[in-house]
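Colleague: I would like to learn how to read helix packing and nonpolar cores. Please show me the model and take me through it.

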Amino acid sequence: MIVQLQNVILEMVARGAPLARTAERICTEAEILAPGCICSVLTIDCEGAIHPLAGPSLPQVYSDALDGLKIGPQVGSCGTAAFLKAPVTVTDIRNDPLWENYRDLVLPLGLVACWSTPIFGNTGRVLGTFAFYYRLPRGPDAMERRIVEACVNLCAIALERHEAELVNRRLAYFDSLTGLANRVSFNLALQQAELAAPNSFGVLLIDVDRLKIVNDTLGHAGGDDLIREVGARIARSVGPGVGYRLGGDEFAAIYSGPDADLRIEEIAQEILQAMKLPAICRGRALQPTVTLGAAVFDRDGSTVDALRQNADFALYDAKEKARGGYLRYCPDLSTTITQRFRAIHELTSALDENRLQAHYQPIVGLETGETVGLEALCRIRTPEGEILPAARFHQAMSDPTAAARLTERMLEAVARDVRAWLNAGIPFQHVGINVTTGDFQRGDLEQRIATTFERFGVPLRHVILEVTESVYMGDSDQTVAQAVKGLRARGLLVALDDFGTGYASLTHLVTFPVDVIKIDRSFVSDLRSGSASVAVVEGLVDIARKLGMKIVAEGVETPLQAKQLNALGCRLAQGYHFARPADFDTVTAILKATAQRTGAAAPASAQPAA
């Protein structure tokens, strides 16, 4: 009969029957084999708490009373057996001290004795207990001992199989680093939300900002510390079962319920507020920041796929316009993002097919007409031979990978061209190169510039780094300031480009090291008598002179504008009035004819062209 019990239970385990049903079958079969015995199976969790699993002949109220009790030296037969890791037999519950606090639960049931045996796992941890209750004051007989021995082994097999399934499920549906549900769970939750609560749920996508910098400076262990802390803060902000880690620096939340429009924004603000305090990563205090994008079902997408895509669009746009903040999807984003993706594709294709070219626009001395420098401008040659200006692929610069590749290719092209001009004996002075926020955020801009120009034998005094005010404005962690300081120490100059189009421009002149101010074309185009632009340009010229900086006016298109600028004290300018951006051969001819001679040019043998 015991063999038959073992076969039945082992088949249930092999077929993956639910644990509770398997344990209940063990109890039922054991009670048949041992008439007069009442069987019970309890589990013990990792915190030492008791949880009833099966007791088909015991009333539910009794099982409920045991749930959550902690094991100990005087916690009935089962709690004590689990605590002592040894069988415990109580033949007189009414008078035994082990049952002092619990006898009132069991005596009204007509049960006066209890024998409990711990169930061990392979590691030696107590997984649970198997008990026989008696209506007579006695202990087990020899047959009952053989039955219990078999049942305890069967329970151990079933419990360990169940724990393994839980581990596998956790690996499949939960993130091991943060404990949050993972991408698989997120996708399932979206599908369930669509079926269960249409028109009443929203998706919030969350990216951790600058994780790469943390990984580069503190190692991946430091990055893991940051991810764990951000995950914990998101979990506390959104509540249980709402937050997800999708992988890498990506998190998400799904809100289901009424007023999804309002609640999803409230959750976003709660998450942003939770990031205000520093996080300790590898012993260092870091300020975590996240960027969020959201979309609400039906309003922002009538299918799960559309909703997810639109939340992605919102996040993508937020990283461009409101990094460290939150944006909700709006219909215009789809067109904007599509255009941006198209621009990224065009730029990436041009880079892959080597169709990127460096063109140059001369910077001219207004008093002499001589070319004193150049600004390097990126151009793309289409497969049909058309030359596209930077405005056609400007949106692609929002992609860090594409922007970094473009900058690297431009640095190499400019360094090669400058080396050629120096080798030709042209009295070349300097060339301006535009860089983006993404170039600084990589953390290696100084090394990239220094290495590239060193490879071509070009001193960095021939290079001007052109940076817009928007780059400075986003420098909350001083990444830009530190890189600029390092480059200037190597001899490179820095120009503040498009000056006057951002905010707090004069503050930048005080707080950031700048050698050249480039006045935006919007001021140059409005140099009529008595206009505010005249006063602004005149004031900037005076400020620059007192701070020891150079002034360059951009966008000069007429002889009158050039004359007015010269009269206001601005000595350098660039624009279509002097020359349009042109390729290497055209600019070489211009330099040979008009380059300002300040001394002997570098000999052609100084460094061979690479």
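The dialogue below covers helix pairs, cores and a strand residue.

Modeller: First, the ground rules. This is a predicted model, where local features need pLDDT of at least 70, side-chain atom pairs count only at pLDDT 80 or more, and totals for chains, interfaces and linings use all residues. Residues are numbered from 1 along each chain as its sequence is written, and side-chain values use heavy atoms, with hydrogens and water left out.

Colleague: How are H1 and H6 arranged?

Modeller: Two packed helices are described by the angle between their axes and the distance between the axes. Helices (H or I, at least four residues) and strands (E, at least two) are DSSP runs, numbered from the N terminus. Axes are lines fitted to C-alpha atoms, for helices over the stretch in contact, and angles run from 0 to 180 degrees between N-to-C directions. Here H1 (residues 2-14) packs on H6 (residues 142-173) at about 10°, with axes 10 Å apart. H1 is therefore roughly parallel to H6 (angles under 35 degrees).

Colleague: Which residues of H1 and H6 make the contact?

Modeller: Contact means heavy atoms within 4.5 Å. H1 contributes residues including Leu 5, Ile 9 and Val 13, and H6 contributes residues including Ile 147, Cys 151 and Leu 154. By class, the contact of H1 with H6 has 13 nonpolar, 1 polar and 2 charged residues.

Colleague: At what angle do H12 and H14 pack?

Modeller: H12 (residues 400-423) and H14 (residues 445-455) pack at about 30°, their axes 9 Å apart. They are therefore roughly parallel too. Their crossing is right-handed (the near helix is turned clockwise from the far one by less than a right angle). Leu 411 is among the H12 residues that meet H14, and Phe 453 is among the H14 residues. This contact divides into 6 nonpolar, 2 polar and 4 charged residues.

Colleague: Which residues have the most contacts inside the largest nonpolar core?

Modeller: In soluble globular proteins, nonpolar side chains tend to be buried together. A nonpolar core is a set of buried Ala, Val, Leu, Ile, Met, Phe, Trp, Tyr and Cys residues joined through side-chain atoms within 4.5 Å. The largest has 78 residues, with Phe 440, Phe 453 and Leu 465 having the most contacts inside it. H12 gives the largest share, 11 residues. Apart from this core lies another of 33 residues, among them Val 41 and Cys 151.

Colleague: Is Thr 117 buried or exposed?

Modeller: Thr 117, in strand E4 (residues 113-120), is buried at 12% relative accessible area. Buried means under 20%, exposed over 50%, partly exposed in between (1.4 Å probe, protein chains only). Thr 117 touches residues including Phe 130 and Val 148.

Note on methods: Angles under 35 degrees count as roughly parallel, over 145 as roughly antiparallel, 65 to 115 as roughly perpendicular and the rest as oblique. Ala, Val, Leu, Ile, Met, Phe, Trp, Tyr, Cys and Pro count as nonpolar, Asp, Glu, Lys and Arg as charged, and the others, Gly among them, as polar. Lists of a residue's contacts leave out its neighbours within four places in sequence.
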